[in-house]
Amino acid sequence: MPDDKSKKNKHVRSRVAGGEDYEVQYLAEQTGLTADQARTLVRRYGNDRQKLMEEAKTMRGAK
C-alpha cells in the first residue's frame, strides 16, 4: 500500500525513503544531482535528510 501523502510531519520529512522513487527524485531535484547519484547517497550514508544534503554539497563540489 502506498504512503499516505496527506499525513506529513517533521519526523517523516527528516528521512528519505530510498526505496521510493518519488523520494529519491525529490532529493535529486533539491540537490542538483541525478536520481542515480541521490540513490547512491542514500545507500552509502543512510536516510537522514540533513546528512544527505551535506554529502550532496560535498559531491557537487568535487565535480
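T31 is found in helix 2, which covers residues 21–31, where helices are DSSP runs of H or I with at least four residues, strands are runs of E with at least two, and both are numbered from the N terminus. The structure is a predicted model, in which local features need pLDDT of at least 70 and side-chain atom pairs count only at pLDDT 80 or more, whereas totals for chains, interfaces and linings use all residues. Residues are numbered from 1 along each chain as its sequence is written, and side-chain values use heavy atoms, with hydrogens and water left out.

The chain as a whole contains 4 helices and 0 strands, so that its pattern, read along the sequence, is α-α-α-α. Of its 63 residues, 22% are buried, a term that stands for under 20% relative accessible area, with exposed meaning over 50% and partly exposed lying in between, computed with a 1.4 Å probe on protein chains only.

T31 itself is buried, because its relative accessible area is 3%. By class, the contact of helix 2 with helix 4 has 5 nonpolar, 2 polar and 3 charged residues; here Ala, Val, Leu, Ile, Met, Phe, Trp, Tyr, Cys and Pro count as nonpolar, Asp, Glu, Lys and Arg as charged, and the others, Gly among them, as polar.

The axes of helix 2 and helix 4 come within 10 Å and cross at roughly 50°, which makes helix 2 oblique to helix 4. Axes are lines fitted to C-alpha atoms, for helices over the stretch in contact, and angles run from 0 to 180 degrees between N-to-C directions; angles under 35 degrees count as roughly parallel, over 145 as roughly antiparallel, 65 to 115 as roughly perpendicular, and the rest as oblique. The crossing of helix 2 and helix 4 is right-handed, a label used if the near helix is turned clockwise from the far one by less than a right angle, with left-handed used if it is turned anticlockwise.

Helix 2 also packs against helix 3, at an angle of about 105° and with the axes 8 Å apart, and these two helices are therefore roughly perpendicular to each other. Here D21, V24, Q25, L27 and A28 of helix 2 meet A35, A38, R39 and V42 of helix 3, and the residues of this contact divide into 6 nonpolar, 1 polar and 2 charged.

The remaining pair to consider is helix 3 (residues 35–45) with helix 4 (residues 49–61), which pack at an angle of about 125° with their axes 10 Å apart and are therefore oblique to each other. Q37, L41, V42 and Y45 of helix 3 make the contact with K51, L52, E55, A56 and M59 of helix 4.

Between helix 3 and helix 4 runs a loop that holds D48, a residue that counts as partly exposed because its relative accessibility is 27%. The side chains of D48 and R15 are joined by a polar contact of 3.2 Å, meaning a pair of N or O atoms within 3.5 Å, of which, within protein, one must be able to donate a hydrogen and the other to accept it, while residues adjacent in sequence count only if both atoms are side-chain atoms. A polar atom of the D48 side chain also lies 2.9 Å from the backbone nitrogen of K51. The C-alpha atoms of D48 and R13 are separated by 9.3 Å, although the two residues are 35 apart along the chain.

R13 and R15 return in the surroundings of E23, a residue of helix 2 that is in contact with R13, R15, V16, A17 and R49, leaving aside its neighbours within four places in sequence. E23 counts as buried because its relative accessibility is 7%. A17, by contrast, is partly exposed, with a relative accessible area of 28%, and its place is in the loop between helix 1 (10–13) and helix 2.

Definitions and conventions: Contact means heavy atoms within 4.5 Å.
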